[in-house]
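Visitor: I would like to go through the pockets and the core of this model. Could we start once it is on screen?
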Amino acid sequence: MAHIPVNHPARPLYRVLSGLIGLYILVFGVWGVFQTWGDGLFSRESNSALGLRTNLAFSLVSVVFGAFLLIGASRRGNLGHYMNLTAGAVFLVTGILMMAVLQTSANFLNFSMSTVIVSLLFGLILLATGLYDKVGTDEHAADERRRREHPIAEAHR
């Protein structure tokens, strides 16, 4: 995609940001597993971890996603770029779907409105980090910059 910057100067900052989100989600998941271990997998009790409501299923999924994001943040190639884009989309879709079923029995992950807001916020941040942490060769990055700075000249080639 020509509109995604390659070798953005703030790429290390974006990787750290996605790593911190992954670390928070991993700690939330581990803490939630300890909090909800004796309950049912899809329990709707008022258990919380780090200020967000959870159940055992949501905690286990959070452990997996937190590890997924930490692995993506630690990679130097484009794997982290694609992992952040994917995770951002998943968090946004999950937040919207869980908000739609918040007050119903279909709320199987035991979300609250604060969990929805955090999910949407993390989704937006991860999507933004995924857009700016693409890696390429120096020549590829220079071509992209030249195309963005002189779009009319490039169109006539």
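Visitor: Which element gives the most to the lining of the second largest pocket?
Guide: In this predicted model, helix H1 gives the most to that lining, with three residues. The elements that give two or more residues to the lining are H1 and H2.

Visitor: And which residues line the second largest pocket?
Guide: The lining consists of Arg-11, Pro-12, Arg-15, Ala-73, Ser-74, Arg-75, Arg-76 and Val-135. By class, these are three nonpolar, one polar and four charged residues.

Visitor: How much space lies in it?
Guide: The second largest pocket holds about 180 Å³.

Visitor: What about the largest pocket, what volume does it have?
Guide: Its volume is about 250 Å³. Of the 17 residues lining the largest pocket, Phe-58, Ser-62, Phe-91, Phe-111 and Ser-119 are the closest to its centre. Helices H1 (11–36), H2 (56–74), H3 (79–100) and H4 (113–132) each give two or more residues to this lining.

Visitor: How does that lining divide by class?
Guide: The lining of the largest pocket has 13 nonpolar residues, four polar ones and no charged ones.

Visitor: Changing topic: which residues make up the largest nonpolar core?
Guide: There are 11 residues in all: Phe-28, Ala-49, Leu-52, Ala-57, Phe-58, Met-98, Val-101, Leu-102, Leu-109, Phe-111 and Val-116. Apart from this core lies another, of seven residues, including Ile-21, Ala-87, Phe-122 and Leu-126.

Visitor: Back to Phe-58, what does it touch?
Guide: Leaving out residues up to four places away in sequence, Phe-58 touches Phe-28, Arg-53, Leu-109, Phe-111 and Thr-115.

Conventions: Residues are numbered from 1 along each chain as its sequence is written. This is a predicted model: local features need pLDDT of at least 70, side-chain atom pairs count only at pLDDT 80 or more; totals for chains, interfaces and linings use all residues. Side-chain values use heavy atoms; hydrogens and water are left out. A nonpolar core is a set of buried Ala, Val, Leu, Ile, Met, Phe, Trp, Tyr and Cys residues joined through side-chain atoms within 4.5 Å. Buried means under 20% relative accessible area, exposed over 50%, partly exposed in between (1.4 Å probe, protein chains only). Contact means heavy atoms within 4.5 Å. On a 1 Å grid over the protein atoms alone, a cavity is a set of points where a 1.4 Å probe fits but cannot get out, and a pocket is an open set with protein on both sides within 12 Å along at least five of seven lines; lining residues have an atom within 4 Å of a point. Grid points are joined across faces, edges and corners, and a volume is the space filled by probe spheres set on the points. Helices (H or I, at least four residues) and strands (E, at least two) are DSSP runs, numbered from the N terminus. Ala, Val, Leu, Ile, Met, Phe, Trp, Tyr, Cys and Pro count as nonpolar, Asp, Glu, Lys and Arg as charged, and the others, Gly among them, as polar.
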